[in-house]
Amino acid sequence: MLGWLARLLRILFGVRVVYSPSIGDSELAETECLVVTRDEELFKRRRGPAILLKTDSHVEWVAVFIALGMRPFERSRCPVCGGDLAEVDCREAEAAVGHEIRSERCWRCAVCGRYYWVGSHWRRLRRLVEEAGAVSVECRRSG
């Protein structure tokens, strides 16, 4: 249900994220890792750290993580597999993807080998972060 958020956390904040629709609620309720969910029943059963997102707004999702002290764009991970990204010459990336890349910076995932660069997707993410910075969110503690 939150696959988009998993990719976003990897890209914007460099967070190690495990996302798999095959992980069951009973396992999620017991894991020691932080669980981010929209499932209120799972959140209530949860014994470890958890964040319950009560909105569909991606802007508010990002605002929550910024409110928790996370700083966007300091580090990124591969949005697909979560691997570390290493900066590479953009000519290498162009040769690999087979088209011109209009970016001054490019990266390659050390795990899956995918290439990334600053393009329109990156600019949309910057706008998303700017919008999130202007939003006030309420973070409450339960239990």
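How many helices and strands does the protein chain have? There are six helices and five strands. The structure is a predicted model.

**Overall layout**

Along the principal axes, the C-alpha atoms occupy a box of roughly 55 × 35 × 20 Å. The protein chain holds 143 residues, and 34% of them are buried. Its exposed surface comes to about 9400 Å². Carbon and sulfur atoms supply 47% of that area. Among contacts with a separation of 6 or more, 48% join residues 24 or more positions apart.

**Helix H1 against helix H6**

Two packed helices are described by the angle between their axes and the distance between the axes. Helix H1 covers residues 3-13, and helix H6 covers residues 120-133. Their packing angle is about 95 degrees. Their axes lie 12 Å apart. Angles of 65 to 115 degrees count as roughly perpendicular, so H1 and H6 are roughly perpendicular to each other. H1 brings Trp 4, Leu 8, Ile 11 and Leu 12 to the contact. From H6 come His 121, Trp 122, Leu 125, Leu 128 and Val 129. By class, the residues of this contact are eight nonpolar, one polar and no charged.

**The disulfide**

Searching the whole structure turns up one disulfide. Cys 90 and Cys 106 form it, with 2.2 Å between their sulfur atoms. The torsion about their S-S bond is about 110 degrees, so the disulfide is right-handed. Which elements does the pair tie together? Cys 90 sits in helix H5 (residues 90-97), and Cys 106 sits in strand E4 (residues 106-109). The bond therefore links parts that are 16 residues apart in sequence. Cys 90 is buried, at 12% relative accessibility. Cys 106 is buried too, with a relative accessible area of 0%.

**Other cysteines**

A disulfide needs sulfur atoms within 2.5 Å. Cys 112 has its closest cysteine sulfur in Cys 78, at 3.7 Å, and this is also too far for a bond. Cys 81 and Cys 112 are each partly exposed, as the table shows.

| Cysteine | Relative accessibility | Class |
|---|---|---|
| Cys 90 | 12% | buried |
| Cys 106 | 0% | buried |
| Cys 81 | 33% | partly exposed |
| Cys 112 | 31% | partly exposed |

**Ala 63 in helix H4**

Ala 63 belongs to helix H4 (residues 58-67). Is Ala 63 buried or exposed? Ala 63 has 4% relative accessibility, so it counts as buried; the cut-off for buried is under 20%. Which residues does Ala 63 touch, leaving aside those up to four places away in sequence? They are Ala 132, Val 135 and Val 137. Glu 138 is 75 residues from Ala 63 along the chain. Even so, the C-alpha atoms of Ala 63 and Glu 138 are separated by 9.7 Å.

How values were computed:
Residues numbered from 1 in each chain as written. Predicted model: local features only at pLDDT ≥ 70, side-chain atom pairs only at ≥ 80, totals over all residues. Heavy atoms only, no water. Axes fitted to C-alpha atoms, helices over the stretch in contact; angles between N-to-C directions. Helix = DSSP H or I, 4+ residues; strand = E, 2+ residues; numbered from the N terminus. Parallel < 35°, antiparallel > 145°, perpendicular 65-115°, else oblique. Contact = heavy atoms within 4.5 Å. Nonpolar A, V, L, I, M, F, W, Y, C, P; charged D, E, K, R; others polar. Buried < 20%, exposed > 50% of the residue type's maximum accessible area, 1.4 Å probe, protein only. Areas by Shrake-Rupley, 256 points an atom, 1.4 Å probe, with all protein chains shown as cover.
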